[in-house]
Each structure stands twice: as C-alpha cells, then as structure tokens.
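Hi there,

Here is the structure I promised to pass on to you. Have a look at it first, and then read my notes below.

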Amino acid sequence: MSLITILLFIPACFALNIAPGPNNLLSMANAKRYGVRTACYAGIGRLVAFVGMITLVATGLATVLFTSEKLFFAIKVAGGVYLLWLAYQLWSADPTEGDSKARGEKSFIQLARQEFLLAAGNPKAILIFTAFLPQFVDPAGSVRHQFLTLGALFLMLEWVAIAGYAFFGKALRHWFSRPSMRQLFNRACAGMLGSAGVGLLLARHE
C-alpha cells in the first residue's frame, strides 16, 4: 500500500466517521447527560462492532451476508426497531433530572452495549465497509495486511469522531441547562434517531 493511497483514504474515511449518524447522535446525547469521559468509554462498544464488521469484510463473509435476503431483512428489522426504542427512551426522558442522578441510571457497560447494538444493528454500516475499504486495497499486495492497516486507521478516526461529538454534547449541556431546553434537545435527538430507524426499516436490499 502506497503513501498516496493512505493520504487519499484518511480524508475520505474521516468524512464517513464525522457524518451525523445514529451512533454519533447517541454519543452527543450521552455526553450531555453523563459527561464526555463516559460517552467516550461507551464508544468502545461501537468500535467493537466495527472490528467485527471489518473482520467480516476482510474474510469475505460480508458478501455472503448481503446476498442473503433473509439475513439482511432480519438485521434491518432488529436495527430499525432498536433505533425506534432508543428514540422513545429519549423522547420520554424526564428533563428535570440532574446530571448526578442521570449518572447513576446506567453503567459504562450498559452504555457501551447500547453503542454496540446500535452499530451492529445497522446493515448499512457493513455495506459501507464492503463498498468503501476494498477501493483502497491493492490486489497485488497482501490483502489481509492492507485491511488491517485500513481498519486500524478507520477505528482511530472513528474514535476522534466519538470524542468530537462528545465534546459538542458537553458544550450543549450549558446551553440546555433549563428543563424545557433539555426536553427540546432530547426530543430533537429522538426525532433524528426515529427518522433513521424508519429509514432503515424502509431501506431496500439492492
């Protein structure tokens, strides 16, 4: 793999990482409610899911997954329903709860599991890896080594995106200190997560 390939990969990859998807919205909401450190630790769950997806792509199993209509449909429904459940929880969250009380509601493990399930339940994420990563792989070289390098770079950039959204969420906490504004923020995030869930359920397997 040449240096030029890596220099082309990094900005294109980071554009995917920083895009406002369901997991990034969840990091922002977690940081606002639980703090930046907690949101970043919770993001480990997302990275674990992505490691699994990259492994699938590297071993060729992702192709098998996406040729199966039943598997695609099952993952799509599970991911869409989970997104809608998270949207409902955010929508119905009590805006008068203080941060200290909120911190005791969920453990790091629970929040990381939330991130993991949200990432793993989105079949479009696997599709991105299937269509995106191979474009930067040279078939003449060691394919596994190149996937390992590109996957490691992707995960590092994803971690930067997690931290970026977490800090943004923390900044919003000062702006949304009043219960009415907290409710507005929660419901705005819930609306976006719900829309993503509906879009996922309506997505076609092309």
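Which residues does UniProt list for "transmembrane region"? The unreviewed entry gives residues 39–66, 73–91, 147–172 and 184–203; UniProt positions are in the numbering used here, feature names are shortened, and annotations may be inferred rather than shown by experiment. Of these, residues 147–172 are 100% helix and 0% strand, with end C-alpha atoms 37 Å apart.

Some background: this is a predicted model, where local features need pLDDT of at least 70 and side-chain atom pairs count only at pLDDT 80 or more, while totals for chains, interfaces and linings use all residues. Residues are numbered from 1 along each chain as its sequence is written, and side-chain values use heavy atoms, leaving out hydrogens and water.

Thr-38 sits in helix α3 (residues 36–59). Thr-38 is buried, with a relative accessible area of 5%; buried means under 20%, exposed over 50% and partly exposed in between, using a 1.4 Å probe and protein chains only. A polar atom of the Thr-38 side chain lies 3.5 Å from the backbone oxygen of Tyr-34.

Finally, two cysteines: Cys-13 is buried at 0% relative accessibility, and Cys-40 is buried at 12%. The structure holds zero disulfides (pairs of cysteine sulfur atoms within 2.5 Å).

Happy exploring!

Terms used: Helices (H or I, at least four residues) and strands (E, at least two) are DSSP runs, numbered from the N terminus. A polar contact is a pair of N or O atoms within 3.5 Å; within protein, one must be able to donate a hydrogen and the other to accept it, and residues adjacent in sequence count only if both atoms are side-chain atoms.
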